[in-house]
Amino acid sequence: MKNQKKNIVKPSLNLLKSDRAKDLLSQPATFTFIAFVVICIFMGTISDTFFELGNINNILRQISVNAIISIGMTMVILTGGIDLSVGPVMALSSTFMAGAMLSGVNPVISVMIGLLTGVLFGLVNGVLISYGKQPAFIVTLAMMEIARGISLLYTGGYPLSGLPKSFGFIGKGSILGIQTPVLLMIILYIIAYFVLNKFVFGRYVYSIGGNEEASRLSGIKVKKYKLMVYVFSGLTAAASSLILTSRLMSGQPNAGVGFELDSIAAVVLGGTDMSGGRGHIFGTLLGALMLGVLNNGLNLIGVSPYMQRVVKGAIIIVAIFLSSKRETNK
């Protein structure tokens, strides 16, 4: 009888392990993590400096800007939308922030002006898309041009330099041995995790992306929550400008060129479905890390920046292909 029980328990445990393995492999970010580890090992073998502490710190500092922008982009894509205006909005927030400081405004208030700029642009995007029922692609593409044009008009096309030295702490300083940009990135991701996973807002965001019409019929104020995700996207774009402006100690009207594509790449690589309703915020962080490691490693081995764009584009296509295959296999 005892042997019979053992024989019953053993297959059950094996089945449980098999199910866990399948669940793990079905997670969108699993392949990204495996690819991330493989790339790190590969870069470490061909470059002696890749795993040095200084280089790792450099990677983390470099990814912080894209990773923060990608928080808002994740929320937008989870609802089935897109935001192409994040790069120019970041540049505009940077120039307004720098311009305020150069005009003698207190740095704290100047930072608030920069953040408010991002919020206002996100609000305009959200109103036009949610209440105006205009395509997100077209609206954010237009706002991308508007934001870039305003920043160039405001600065005359020249950087606004000569900011207070104390402001440089945000982009170059450290707290308890952790770089300030990295610490800010970690804090924002923790907040985003709780917002998306522990609050009603997050459940509604996933629901809208999964089935917008069903969400509307179930009583969710779809327009309101779609508006909110675009406001969040504008806010995170402005928050990333805080780090970039502090690091460069100037407001750059041409900053953020191509950042919207890097942000979308991080979200897609992190396993978030472009059609919405499926994804995880820490998957986005992993995607940003992977892009950062890839860019850093290719720079270390002397690969042309033009070739790096080809590699990045190919990786995004593979990520989208794998995502679509997972959907069809469900």
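This is a predicted model: local features need pLDDT of at least 70, side-chain atom pairs count only at pLDDT 80 or more; totals for chains, interfaces and linings use all residues.

Me: How is the pair of Tyr193 and Phe282 arranged, stacked or edge-to-face?

Reply: A pair of aromatic rings is described by the distance of the centres and the angle of the planes. Tyr193 and Phe282 are 5.4 Å apart, centre to centre, with 25° between the planes, and this pair is stacked. Tyr193 belongs to helix α8 and Phe282 to helix α13 (residues 281-300), so the pair ties together parts that are 89 residues apart in sequence.

Me: How exposed are Tyr193 and Phe282?

Reply: Tyr193 is partly exposed, its relative accessible area being 24%. Phe282 is partly exposed too, at 34%.

Me: What about the pair of Tyr204 and Tyr225?

Reply: That pair is edge-to-face: the centres are 5.0 Å apart and the planes make an angle of 80°. Tyr204 sits in helix α9 (residues 200-210) and Tyr225 in helix α11 (residues 222-248), so here the linked parts are 21 residues apart in sequence. Tyr204 counts as partly exposed, with 27% relative accessibility, whereas Tyr225 counts as buried, with 12%.

Me: Which residues do ring pairs link into a cluster?

Reply: The cluster consists of Tyr189, Tyr193, Phe194 and Phe282.

Me: Now to helices. At what angle do α3 and α8 cross?

Reply: To read a crossing, look at the angle between the axes and then at the handedness. The axes of α3 (residues 53-78) and α8 (residues 180-197) come within 8 Å and cross at roughly 20°. Angles under 35 degrees count as roughly parallel, and α3 and α8 are therefore roughly parallel to each other. Their crossing is left-handed.

Me: Which residues make the contact?

Reply: On the α3 side they include Leu60, Ile63, Ala67 and Ile71, and on the α8 side Val182, Leu184, Leu188 and Tyr189 are among them. Sorted by class, the contact has 16 nonpolar, two polar and one charged residues.

Conventions: Residues are numbered from 1 along each chain as its sequence is written. Side-chain values use heavy atoms; hydrogens and water are left out. Axes are lines fitted to C-alpha atoms, for helices over the stretch in contact, and angles run from 0 to 180 degrees between N-to-C directions. Helices (H or I, at least four residues) and strands (E, at least two) are DSSP runs, numbered from the N terminus. Angles under 35 degrees count as roughly parallel, over 145 as roughly antiparallel, 65 to 115 as roughly perpendicular and the rest as oblique. A crossing is left-handed if the near helix is turned anticlockwise from the far one by less than a right angle, and right-handed if clockwise. Contact means heavy atoms within 4.5 Å. Ala, Val, Leu, Ile, Met, Phe, Trp, Tyr, Cys and Pro count as nonpolar, Asp, Glu, Lys and Arg as charged, and the others, Gly among them, as polar. Rings of Phe, Tyr and Trp (its six-membered ring) pair if their centres lie within 6.5 Å; planes under 30 degrees apart count as stacked, over 60 as edge-to-face and the rest as tilted. Buried means under 20% relative accessible area, exposed over 50%, partly exposed in between (1.4 Å probe, protein chains only).
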